[in-house]
Amino acid sequence: MIRIEENISLKPYHTFGMNVNTRYFAEYETVEDLRSLLISPLIKNNNNLHIGGGSNLLFTKDYTGIIIHSCIKTYTKTEDLDFVYLKVGAGVVWDDFVAYTVQNGWGGAENLSYIPGEVGASAVQNVGAYGVEAKDLIERVYTISVETGEERIFTNEECNYGYRTSIFKKELRGQYIVTHVEFKLHKNPIFKLTYGNLQAVVGEPTLMSVRNAVISVRKQKLPEPSEKGSAGSFFINPVVETEKYQDLKKQYPEMPSYPASDGKVKLSAAWLIDKAGWHGKRVGGAAVYPKQCLVLVNDNNATPQDVIELASQIKNSVYEKYGVIITPEVNYI
Ligand code: EPU
């Protein structure tokens, strides 16, 4: 079934909770529905944007085209001796999927508990937390070509995964719509508890104790989407050359850092922002979340302009203080 609405508020469809509207909004339940939607005049004659849970979007003004959203919510399971392969509909809420794997005793997704958003977007964005990224469990990504309506299945390698990125955000941006993601899950879980103080919070590791620990750490640091609008981390952690890192480390010996690919070094954007004095600062209704400086929140009826202004001031000040460019993880629409 396809459901189309006209002139509705986007407030319920994105986690920043901005007061913005869309001209059209369409939801579909099956791949066949998606195919007929893609050849409809509504799509041919309007700009369109496919969203997931809307947890990584900043609508800068009303949307004049059509917003599309998947309601494919199927689960299909196959297995071999060691692994369960779960093909999950793009419209499944990410944390419902994680909860389902934990309840069934299948390992791999537990560190990614409580991340907002939906399964389809996880394969585009390569969501990550507590030492695990979606790419570590993605086996295949099922898509439909926007141009031809034909199915194309991408292997994990073909997705070109990197830190918060994939081929779907870069070379093939806008060309394919994810319909299902197949995850490879361990029948005998292997726990990854080395990130921060996770081990200490977990105690005796079981899938459920790891999930509960991750949820409790996230709740301490990140705002509840239902209570305060935000898009999680607003910026991506910057990756710098070794020489740049060494310069900064001399000035700021306590600065956190992590090894990145090609001998480069990943810095903590939260730390840079925090130490540049942004803790709790605000512009209009937008604010830096005091418990995690990487998160900008809609504290009090923020307008898109408040958030844009706050983000741009932060970016400029981090560049002036450290000579490091931080780029938004959030997509400006
Ligand atoms: N820190 C500060 N000030 C703060 C917050 C953190 O100095 O206000 C320091 C911490 O002391 C720590 C470092 O910054 O040394 C890193 O902080 P944290 O562990 O919270 O991780 P992060 O790098 O800021 C990333 C992800 C989060 C994910 C966490 C946990 C990105 C852009 N963000 O944040 O993902 O939950 O790690 O794994 O990579 C998201 O993408 O929306 C998101 C929430």
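**Helix packing, domains and an interdomain pocket**

Asp95, Val98, Ala99 and Val102 in α3 meet Leu207, Met208 and Arg211 in α6, contact being defined as heavy atoms within 4.5 Å. The structure is a predicted model, in which local features need pLDDT of at least 70 and side-chain atom pairs count only at pLDDT 80 or more, while totals for chains, interfaces and linings use all residues. Residues are numbered from 1 along each chain as its sequence is written, and side-chain values use heavy atoms, with hydrogens and water left out.

The contact of α3 with α6 comprises five nonpolar, no polar and two charged residues (Ala, Val, Leu, Ile, Met, Phe, Trp, Tyr, Cys and Pro count as nonpolar, Asp, Glu, Lys and Arg as charged, and the others, Gly among them, as polar). Helices (H or I, at least four residues) and strands (E, at least two) are DSSP runs numbered from the N terminus. The axes of α3 (residues 94-103) and α6 (residues 207-221) come within 9 Å and cross at roughly 150°; axes are lines fitted to C-alpha atoms, for helices over the stretch in contact, and angles run from 0 to 180 degrees between N-to-C directions. α3 is therefore roughly antiparallel to α6 (under 35 degrees counts as roughly parallel, over 145 as roughly antiparallel, 65 to 115 as roughly perpendicular and the rest as oblique).

For α8 (residues 269-278) and α9 (residues 304-322), the axes come within 10 Å and cross at roughly 90°, so the two helices are roughly perpendicular to each other. Trp271, Leu272, Ile273, Lys275, Ala276 and Trp278 of α8 make the contact with Leu310, Gln313, Ile314, Ser317, Val318, Lys321 and Tyr322 of α9. By class, nine of these residues are nonpolar, two polar and two charged.

The domain assignment gives domain 1 (2-70), domain 2 (75-219) and domain 3 (224-332), with bounds from an automatic or database assignment. The centres of domain 1 and domain 3, taken over C-alpha atoms, are separated by 29 Å. In domain 1, 11 residues are in contact with 18 residues of domain 3.

The second largest pocket lies between domain 2 and domain 3, because both give residues to its lining. A pocket is an open set of points on a 1 Å grid over the protein atoms alone, where a 1.4 Å probe fits, with protein on both sides within 12 Å along at least five of seven lines; lining residues have an atom within 4 Å of a point. Six nonpolar, two polar and six charged residues form the lining of the second largest pocket.
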